[in-house]
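Welcome, and thanks for opening your viewer. Let's take a short walk through this structure, one selection at a time.

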Amino acid sequence: MKVLLVEDNERVTRFVTKGLQEAGHTADHADNGRDGLFLAASERYDVIIMDRMLPGNIDGLSLISALRQSGNQTPILILSALADVDERIKGLRAGGDDYLTKPFAFGELLARLDALGRRTRQDGTVTTLEVADLRMDLLSRKVARGTRQILLQPREFKLLEYLMRHAGQVVTRTMLLENVWDYHFDPQTNVVDVHISKLRQKIEPEPEHSLLRTVRNAGYMLSAE
Amino acid sequence: MPFFIRSSATTLAASYVLLGILALILFALPLSYAWRAAVDDSRLQILTEDSQRMGEVFNRRGAAGLVSFINERVGLQIAGERILLLTDSQDKALAGNLPAWPVGVPERTGNYTAPIDLDGHSTMVQLVRTQFPGGYNLLVGRDVGKLSPVTTRFWYGLAGAVAVLLVAGVVGGILIRRALLSRIHSIRQTVSAIMQGELSHRLPTGSSSDELNTLSLTINRMLEQIELLVHGIANVSNAIAHDLRTPLTELRSRLEELSLTRPPPAEAFAEVDAAVADVDRVISIFNALLRLAEIDTGMRRSGFVDVDLVELCARAVEFYVPAAEIRDIDLTFKDESGSLHASGDQLLLAQAVNNLIDNALKYTPPGGKVTVSTMRPNTETAGIVVADTGPGMTATQRERATERFFRGDASRGTPGVGLGLSLVEAVARLQGGSLDFAEQQPGLRATINFPGAR
């Protein structure tokens, strides 16, 4: 993926750029709004990481508004120290696609970038999802592993659907909380892990053919491998 | 004295007195007019009757008889202030109390109110002029310019009433002003004390429901809120100092030790991971404190929407059921309200309910029960109840449970920083409600009361 990072803090920039390169992505960088707008408008990126408070006249939100008004639909992840719920809503209203507050774990950032970058390529009209021999029919709401039908409760279905839509990507606990339960807060305890292990018992009767892996320090990944 | 004049009580009293006097005069004017008209009418009637009676005397006894009749009346002073004059065809005065026909009397017979010349003064009189056969002219009249004693008394009475009103107004104004000033003075003293930092002072209030008292009560409530907030800030600063310092100390020593000992990479990375975990703990405390501050400012109230509390609780329970099953706790949801809606912040309410359930699960031993219910105990309050079969809390713990960073003895060894219930309480307060704890056998019953729920 080709990523544009608009961020004025040098250490954060170094940390993110290095992490992205190690994960196999290329990253361009702008340390002020003017350069950021120029790069975003002149090059094609898969995803943009945008700080909100930038030096110069253009702050992150007006930059996003400007891009959206000019018809640029590149997914944007807002990375900001402004953590209030209202600030988050403001960011998403301005045209941001996701909002991550500082300080952040790099694993969280990478997982969210993957999800955003992949979204542009995904067709919205899929009716079945498939990972190895695990099949999900979104219309009849049926799930099967090979020939065996699996009965899931509505929330388990939603959880599995999210994991399957992001198959091959790391999905963090926070992403699951936000997208499956619509909880935008940290419930402190490991409730998500419990939901995952319950789901795992249902979709993986034989643990040796595991599809749902735990990724250390990050989250979970559903994949054929 | 200038202060007296500028006092709003004085201005008020003075305007009321002026208004009263004006009203009195406006009331007296039509009254006096109607009364005078009635007097004029009856006087005219008397004068007409008089001249008729004299006409009868003339008819029966002739001019000489009338002259003696008039002279008798004037002599007996029955005439009083009346004007009586009989003249012959040459306008020569025959009898009466006027020396000659006065100037200014109209030529025709009839009754008039007109100024005529009496003793060299122009005087307003009411007259009845009659003519008898033979050119005799009779004038019966009365001076109306001169006020009768009754009229005089009327005006004296009015002046007296105005005087009484003035005196009462001034005295009343002084008394009201004195009472008002003493109350305002005490308010001013209290406020000065508060401004100097003595936040525990309150305005004096009485049992009456007058404006000043209502204002004082409102100000007192505001002071309570301010005191609470100021203490809250002081508590938080202390708590931050203590609770952030601990993980920061650990982090610092970990990093310093790492830098000093320079262990082999495997060990070093384990230490770095532990350091990251320390930082995460600091961040989570920080986030919780910021969220609390955000709630306490009350700013989120602007984003209130209609929240279905039954659905919210059902979802929270569904979220925690797998975690409860693992610990062999029976977590159930019971809706006893039928339907419960409140205007509120969806996100904060969800977090509050989740915190309560999380808390209950943490303290309930395996095999226990946690029950979440939405209820409507009466029409005015409604609430969310989370009841567990854990060890409960002592009275002191119940009191301190919502203090920031307070953790009961039972919570030693469990994860958490002691901000969960503070958040629940703050959310309940933002909703205009409260968080209450009650003992049950066994366990604890936590209730979020919503006064505004429907």
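In which helix of chain B does B:Val353 lie? Select that residue and you will find yourself in helix 7 of chain B. Keep in mind on the way that this is a predicted model.

**Stop 1: B:Val353**

Is B:Val353 buried or exposed? B:Val353 counts as buried because 25 C-beta neighbours fall inside 10 Å, and a residue needs 20 or more for that label. Now show its contacts, leaving aside the neighbours within four places in sequence: B:Val353 touches B:Leu312, B:Cys313, B:Ala316 and B:Ile384.

**Stop 2: two packed helices**

Next, select residues 309-326 of chain B, which form helix 6, together with residues 346-363, which form helix 7. At what angle do these two helices pack? The angle is about 35°, and the axes lie 10 Å apart. The crossing of helix 6 and helix 7 of chain B is right-handed. To see the contact itself, show side chains on both helices. Helix 6 of chain B brings residues including B:Leu312, B:Ala316 and B:Tyr320, while helix 7 of chain B brings, among others, B:Leu349, B:Val353 and B:Ile357. Color this contact by residue class and you get 12 nonpolar residues, 1 polar residue and no charged ones.

**Stop 3: where chain B meets chain A**

Zoom out until both chains are in view. Here 18 residues of chain B are in contact with 17 residues of chain A. Which helix of chain B gives the most to the side that touches chain A? That is helix 6 of chain B, with 6 residues. Helix 5 (265-296), helix 6 and helix 7 of chain B each supply at least two residues to this side. Its residues divide into 10 nonpolar, 5 polar and 3 charged.

**Stop 4: strands in chain A**

Finally, move to chain A and select residues 219-222, which make up strand 12. Strand 10 (residues 170-172) of chain A runs antiparallel to strand 12 of chain A and is joined to it by 3 bridges; look for A:Thr172 opposite A:Gly219. Strand 11 (residues 212-215) of chain A is also antiparallel to strand 12 of chain A, with 4 bridges between them, and A:Leu212 has A:Leu222 as its bridge partner. Strands 11 and 12 of chain A form a hairpin with 3 residues between them. End by clicking on A:Asn217 in the turn, where phi is positive at about 65°.

Technical notes:
Residues are numbered from 1 along each chain as its sequence is written. Chains are lettered from A and ligands numbered from 1 in the order in which they are written. This is a predicted model: local features need pLDDT of at least 70, side-chain atom pairs count only at pLDDT 80 or more; totals for chains, interfaces and linings use all residues. Axes are lines fitted to C-alpha atoms, for helices over the stretch in contact, and angles run from 0 to 180 degrees between N-to-C directions. A crossing is left-handed if the near helix is turned anticlockwise from the far one by less than a right angle, and right-handed if clockwise. Two residues are in contact if their C-beta atoms, placed from the backbone, lie within 7 Å. Ala, Val, Leu, Ile, Met, Phe, Trp, Tyr, Cys and Pro count as nonpolar, Asp, Glu, Lys and Arg as charged, and the others, Gly among them, as polar. Two strands pair if DSSP finds at least two bridges between them. A residue is buried if 20 or more other C-beta atoms lie within 10 Å of its own, exposed if 12 or fewer, and partly exposed in between; C-beta atoms are placed from the backbone.
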